[in-house]
Amino acid sequence: MKKNTHPQYQKVLFIDSASGHRFVCGSTLKPDATEKFEGVEYPVSYLSISSSSHPFFTGSKQLVDSEGRVEKFKKRFERKKEASPADTLPESDSTTENASVEKKAEKKGITAKGSKK
């Protein structure tokens, strides 16, 4: 096994900038700054957010709307479906439509499976 290939593992003091919460955790980070925490001097790394300030963990998650994304999509889809001019067209016989599609495909030299002859 090669020597000196892995970074040095050490205890690092992490400080949450949003809440001021401090905790020590093992890491391979090599910060230059140091601070004393509980009588021991640790290298310090500042975090913008941690479990003490993240809305998911603190329970302060605020919802702007009460509906979910799927319900919003369904509602929007229903509105577009109601306003669609395709609904006002008379219904045609599906067998004649299939026959005309098949004739067009034959003219272009395409088989029923979609590959060219």
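**Close-up views of a predicted model**

View 1. Arginine 22 is partly exposed, at 34% relative accessibility (buried is under 20% relative accessible area, exposed over 50%, partly exposed in between; 1.4 Å probe, protein chains only). This is a predicted model: local features need pLDDT of at least 70, side-chain atom pairs count only at pLDDT 80 or more, and totals for chains, interfaces and linings use all residues. Residues are numbered from 1 along each chain as its sequence is written, and side-chain values use heavy atoms, leaving out hydrogens and water. Arginine 22 forms a salt bridge with glutamate 35; their closest N and O atoms are 2.8 Å apart (a side-chain nitrogen of Lys or Arg within 4 Å of a carboxyl oxygen of Asp or Glu). The pair links distant parts of the chain, 13 residues apart: arginine 22 in strand S2, glutamate 35 in strand S3. Strands are DSSP runs (E, at least two residues), numbered from the N terminus. Glutamate 35 is also partly exposed, with a relative accessible area of 22%. The whole structure holds 1 salt bridge.

**View 2. The open sheet.** The order of its 4 strands is S2-S1-S4-S3, with mixed pairing (two strands pair if DSSP finds at least two bridges between them). Strands S2 (22–27) and S3 (34–37) stand at the edges with a single partner strand each, so one side of each lacks a neighbour in the sheet. S3 and S4 (residues 40–47) run antiparallel, joined by 4 bridges. Glutamate 35 has tyrosine 42 in S4 as its bridge partner.

**View 3. Aspartate 16 in strand S1 (residues 10–16).** Aspartate 16 is buried, yet has no salt bridge. The nearest side chain of opposite charge, arginine 22, is 11 Å away (Lys and Arg count as positive, Asp and Glu as negative; His and the chain ends are not counted).
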